[in-house]
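Biologist: I've got a structure to look over. Can you walk me through the packing?

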Amino acid sequence: MATPYAYFQKNIVPLSEAKIGVMTHAFNYGTAVFEGIRGNWNDAEGQVYLFRIKEHFDRLRKSCRIMQIEFPYENEELYSITTQLVEMSGYREDVYIRPLAYKSSEILGVRLHDLEDDFLIFVAPFGPYLDIEKGARCQTSSWRRVEDTGIPARAKITGIYANSALAKTEAQLNGFDEAIMLDERGHISEGSGENIFVVQGDKLITPPPSSNILVGITRETVMTLASQELGMETVERDIDRTELYTSDECFMTGTAAHVTPVVELDRRSIGDGKMGPVASRLVKLYFEIIQGKNPKYVHWCTPCYSKVKA
Ligand SMILES: Cc1ncc(COP(=O)(O)O)c(C=O)c1O
């Protein structure tokens, strides 16, 4: 039986004991930054592999810098706490690891300075997020993506997820799977929790960071795989909404969503309305890699269980 543990107030405790007070600043004002790391179950090896843990903690560090959160942890210490948590929790399935650095003072007053900071990590089981085989039916959101001049999207700030939640709920209550948000200039930005790619001929195209995207780790992974394994270059440029309607293929990338084809946008089929050949090759490669089954990319995978089958 798996029992979830958390790293909380500098100790590893059962998840049920990791509780914050109602006056915690981050809870009241959205002043926390976080990461989502997948632990992928490899059944043959009896192992959980964390995918690109370094890149996730590097991004967390940048988010902390933007939000003036002190983060006095070395990478090695972070890897050790995270793998230990997963091993103690004992899941034999895919898991999600949530590191979160936050303004922990129990005090009223909106600001970032003169507050205490703390850091926690928890683990939870986490299966598929969107239906990859079927693909996602999407809607252009009536909610625009937050601007760098308002809340910087390149930082993974808890408060920003009000923007994502408004868009996701609007799309789902309208009968779609996912929302695609535009930036203030009307160009494609991203999904509620995914980056967007289109395929046009032999090129991939994806919005640049200046379109107020979270600069995704899966996005970078896909750009690398497209170049190294498919011989396809990725162009980062502004994309109009109608380019998605007319592209050969479109797909979303994210730690939760993996690589999910977008088969419909605003009730228009994209391509032939099914997963296309480029997405199909990337999905296959991606799953092999995140489960530690591709020797060329095994450096992206961190094993958690110290005692595994040979
Ligand atoms: C808003 C948003 N965009 C994009 C992504 C994809 O980023 P990554 O591939 O690093 O998970 C996420 C997920 O973390 C997200 O929340």
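Predicted model: local features only at pLDDT ≥ 70, side-chain atom pairs only at ≥ 80, totals over all residues.

Modeller: Residues are numbered from 1 along each chain as its sequence is written, and side-chain values use heavy atoms, with hydrogens and water left out.

Biologist: How many residues are in the largest nonpolar core?

Modeller: It has 33. A nonpolar core is a set of buried Ala, Val, Leu, Ile, Met, Phe, Trp, Tyr and Cys residues joined through side-chain atoms within 4.5 Å. Buried means under 20% relative accessible area, with a 1.4 Å probe and protein chains only. Phe-57 and Phe-119 are among those with the most contacts inside this core.

Biologist: Which helix gives the most to this core?

Modeller: Helix 3, with five residues. Helices are DSSP runs of H or I, at least four residues, numbered from the N terminus.

Biologist: What does Phe-57 touch?

Modeller: Beyond four places in sequence, its partners include Ile-37, Leu-78, Pro-99 and Phe-119. Contact means heavy atoms within 4.5 Å.

Biologist: Switching topic. Is Ser-63 buried or exposed?

Modeller: Buried, at 1% relative accessible area. Ser-63 sits in helix 2. Leaving aside neighbours within four places, Ser-63 contacts Val-33, Arg-154, Ala-155 and Lys-156.

Biologist: And where is Val-283 found?

Modeller: In helix 7, residues 277-290. Val-283 is buried too, at 8%. Outside four places in sequence, Val-283 is in contact with Ile-132, Val-259 and Met-275.

Methods. Buried < 20%, exposed > 50% of the residue type's maximum accessible area, 1.4 Å probe, protein only. Helix = DSSP H or I, 4+ residues; strand = E, 2+ residues; numbered from the N terminus.
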